[in-house]
Amino acid sequence: MTWSFIQMSDIHIGVKNEIKFQPSWVENFFTAIEQIKQLEIQPDFLIVTGDMTRDGKSKPNELENVKRIFKTLDWPVYFIPGNHDVGNRYRDDKSNVINQNNLDSYRKIMGDDKFLFEHKGIQFVGFNSFLFSSNLEKDESQQWDWLEEQANNSTQSKLWFMHSIPFIDSPEEVEPKIDTAEWYYTIGKNSAQRLVSILKKGNVNSLSNGHVHIHTKRNYENIDFINCPSSAFITEGNNLEGKRFLGFLEWQIDGETAKQIPHKLSKISELEGIGFNPGVPISSLN
Ligand SMILES: [Fe+2]
Ligand SMILES: [Fe+2]
């Protein structure tokens, strides 16, 4: 019998009266929730692949607000952090990067920065992509060990999730220059290669991400690499290929087969908000 779960990403819920609060992004999130409530197959749970907040890394009340909102919903929910929740990927000048304080604060509020559970014979693993090549050596090496362990598990089907995309075209590509879109969205060549070798060894079916605010699905060496759209806003200034719309993914599972059904928001908020989507009619977005 077909069952489902929902993947949402980059919901970017802020808190009123904070400088960066964008009312349209909050309204868009609740539009998505109303659409989920109307789905024919009600989901067993939700997975949110990061960027739950506008600026949760420096405003813990934004993370607390997210937790509070999801507690009012009827579905279990599993979170993993995005750069807005814990800080960006590591760079030597340490500006805006993940650090121990942000990570500890996230874990204190959200419970953990990874998840692991089995549901109807499928292994679900979510983890923190900002620990890769970070300066948080202990946390990073613990996470690598933990991923190896989950890959070695004998579960037949494995669906894994993280916020960043692992690479643009392949793990063999040249290391992108710092501050380019390619650098910002990926995890670095060494980490990408190591992660893909773990995915292959573990026969992981798919790795699904957010961060890029577009929807893509591609296959590399028999692993599906999927990108979940944002419900909040569409990013400008990157040339990455994919479908640009606001919404979420419904994952329908039938036995061993998983398919992702993209859902566009039925209405885009006309409230105040940056990004080129708010106020733009949905018909103009492809
Ligand atoms: Fe985002
Ligand atoms: Fe992000």
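**A parallel pair within the sheet**

Reply: In this predicted model, strand S7 (residues 206-209) and strand S9 (residues 223-227) pair in the parallel sense over 4 bridges. Two strands pair if DSSP finds at least two bridges between them; strands (E, at least two residues) and helices (H or I, at least four) are DSSP runs, numbered from the N terminus. Within this pair, Asn 209 stands opposite Asn 227 in S9. Strands of a sheet pair through backbone hydrogen bonds, either parallel or antiparallel.

The pair belongs to an open sheet of 6 strands in the order S4-S5-S6-S7-S9-S8, with mixed pairing. Strand S4 (115-119) and strand S8 (216-220) are the edge strands, each of which pairs on one side only.

The loop between S7 and S8 contains His 213. Although His 213 is not a glycine, it has a positive phi of about 60 degrees. His 213 counts as buried because it has 28 C-beta neighbours inside 10 Å; the term buried requires 20 or more other C-beta atoms within 10 Å of a residue's own, with 12 or fewer for exposed, partly exposed in between, and C-beta atoms placed from the backbone.

Asp 51, in the loop between strand S2 (46-49) and helix H2 (60-71), also has a positive phi, of about 55 degrees, without being a glycine. Asp 51 counts as buried, with 23 C-beta neighbours inside 10 Å.

Residues are numbered from 1 along each chain as its sequence is written, while chains are lettered from A and ligands numbered from 1 in the order in which they are written. As this is a predicted model, local features need pLDDT of at least 70 and side-chain atom pairs count only at pLDDT 80 or more, whereas totals for chains, interfaces and linings use all residues.
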